[in-house]
Amino acid sequence: MSLFSKTIANISLNEITASLPNPYPYRELLFLTIKNILGPLKLNRDIVSFLPKKTVLNNILRVEHRLGFLGDIMDTHGYPFHVDPSIQEFFLDTDLVIGNLEGIITHLPKPLFALSHTEKIIEALSRIQSPEQIALCVSNNHSSDFGHKAFQDSVNILSNNGLKIFGTKKSPSYMHTQRINIVGASMWSNKKNCSYITRFDETGQHLSKKPGCFNIFFPHWGYEIELWPRPEIIRLGYSLLDDWDMIFGHHSHVPQPITAVPKGHTNKLLAYSGGDLVTGIRFQKYRYGMIAKCTIGPIETSPESLAVGSVEWMFTHVEQCLSSKPNKRGQSGFMVKTTPSCRYFRSI
Ligand SMILES: [Fe+2]
């Protein structure tokens with residue numbers, strides 16, 4: 001065997017995987033490739049149940065907050081994205097909308113598999129809610145795609161435009177009106193040892209112990225292109241809800257169930273994934289998401305504590321605008337709309 005072939009033989013699949021911008025061990029990367037070819041995985045079907053699209057989780061004495069939640073805001077490959085009035089209407093009565101920005105704002109050349117946005121993403125998001133009423137998580141597997149400086153520049157651009165940013169090492173959380181503590185963290189990173197985003201295993205440190213404070217965990221977790229959460233993610237969610245008041249997750253690129261978990265005298269909200277709000281990926285499997293909103297107020301049975309009152313959610317779908325090439329006024333690209341059904345959950 002030549003020295004070259006010996007060297008090649010000694011390179012393990014894990015070493016190859018580690019050299020790619022990818023968060024997974026090689027088996028998981030291979031599995032993701034198969035899911036991309038065959039379509040979203042239906043394993044663990046009905047392992048948990050979707051809440052009705054309009055429901056009441058707890059009886060609250062009054063509404064103190066109305067919070068909205070978005071799926072992943074993905075790279076639109078340079079095309080603008082438009083927001084249908086059905087989305088605007090849904091969030092009209094919210095005082096804060098919370099989402100995950102997958103990738104960063106940068107004009108640097110894009111490495112393989114990296115995600116980036118231009119400043120136009122802020123304008124697009126402002127059609128959902130005013131920038132001051134949007135809280136964006138920047139902790140996800142794509143935060144590290146362009147390195148620390150570019151990440152920090154992106155955070156500065158977003159903050160300077162009024163958006164509330166959380167999920168960084170320096171600012172793991174955003175405190176809304178002194179009562180709602182929102183913490184973002186990523187289970188995954190495309191580059192190992194990314195030190196400038198909130199670490200998933202340290203998020204307990206960022207729980208607010210302030211009496212009467214409502215703690216929301218907004219994790220980038222679970223597995224891509226899977227319609228149902230794996231049992232270990234369900235167990236993790238249930239145990240996190242011993243401390244957190246609700247969880248809204250992201251990363252799967254397809255919507256996953258939004259559920260209720262009884263804990264003591266409270267029904268807690270656990271949404272496994274909001275799917276994709278918007279993406280430039282042309283495969284239909286990447287184009288479904290979920291938006292949700294809930295009211296929060298003092299719970300009848302224990303008025304010193306805040307709890308979720310009503311919950312409302314809808315599936316969303318990204319549609320191609322007629323022309324894929326933007327004209328001078330930017331009137332093309334992608335349109336995100338609410339949709340009464342999702343092709344992957346026909347009975348919901
Ligand atoms: Fe992700």
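The C-alpha centres of domain 1 and domain 2 lie 30 Å apart in this predicted model, in which local features need pLDDT of at least 70, side-chain atom pairs count only at pLDDT 80 or more, and totals for chains, interfaces and linings use all residues. Residues are numbered from 1 along each chain as its sequence is written. Domain 1 covers residues 3-38 and domain 2 covers residues 54-339 of the protein chain, the bounds being taken from an automatic or database domain assignment. Between them, six residues of domain 1 are in contact with twelve residues of domain 2, where contact requires that the C-beta atoms, placed from the backbone, lie within 7 Å. By class, the side of domain 1 that touches domain 2 consists of three nonpolar, two polar and one charged residues; here Ala, Val, Leu, Ile, Met, Phe, Trp, Tyr, Cys and Pro count as nonpolar, Asp, Glu, Lys and Arg as charged, and the others, Gly among them, as polar.

Helix α3 spans residues 26-38; helices (H or I, at least four residues) and strands (E, at least two) are DSSP runs numbered from the N terminus. The 13 residues of α3 should span 18 Å at 1.5 Å a residue, and the end C-alpha atoms are 18 Å apart, which agrees; the expected span is 1.5 Å times one less than the number of residues. Just after α3, G39 takes a positive phi of about 105°.

An open sheet with mixed pairing is formed by six strands in the order β9-β10-β11-β12-β14-β13, and two strands are said to pair if DSSP finds at least two bridges between them. Because β9 and β13 (258-263) stand at the edges, each with a single partner strand, one side of each is left without a neighbour in the sheet. From one strand to the next the twist averages 20°, with axes that are lines fitted to C-alpha atoms and angles that run from 0 to 180 degrees between N-to-C directions.

Strand β9 (residues 173-176) pairs with strand β10 (residues 180-186) in the antiparallel sense over four bridges, and Y174 has I182 of β10 as its bridge partner. The hairpin of these two strands has three residues between them, and T177 takes a positive phi near 50° there. On to strand β11 (residues 214-220), β10 is joined by seven bridges, and these two strands run parallel; the bridge partner of V183 in β11 is F217.

L136 touches G99, L101, L158, L163 and I165, not counting residues up to four places away in sequence. The C-alpha atoms of L136 and I73 are separated by 9.7 Å, although the two residues are 63 residues apart along the chain.

| Residue | Class | Other C-beta atoms within 10 Å |
|---|---|---|
| L136 | buried | 26 C-beta atoms |
| D46 | exposed | 10 C-beta atoms |
| N193 | exposed | 6 C-beta atoms |

D46, placed in the loop between α3 and β1 (54-56), has a positive phi of about 65° although it is not a glycine. N193 lies in the loop between β10 and β11 and, although not a glycine, has a positive phi of about 60°.

Note on methods
Contact = placed C-beta atoms within 7 Å. Buried ≥ 20, exposed ≤ 12 C-beta atoms within 10 Å, placed from the backbone.
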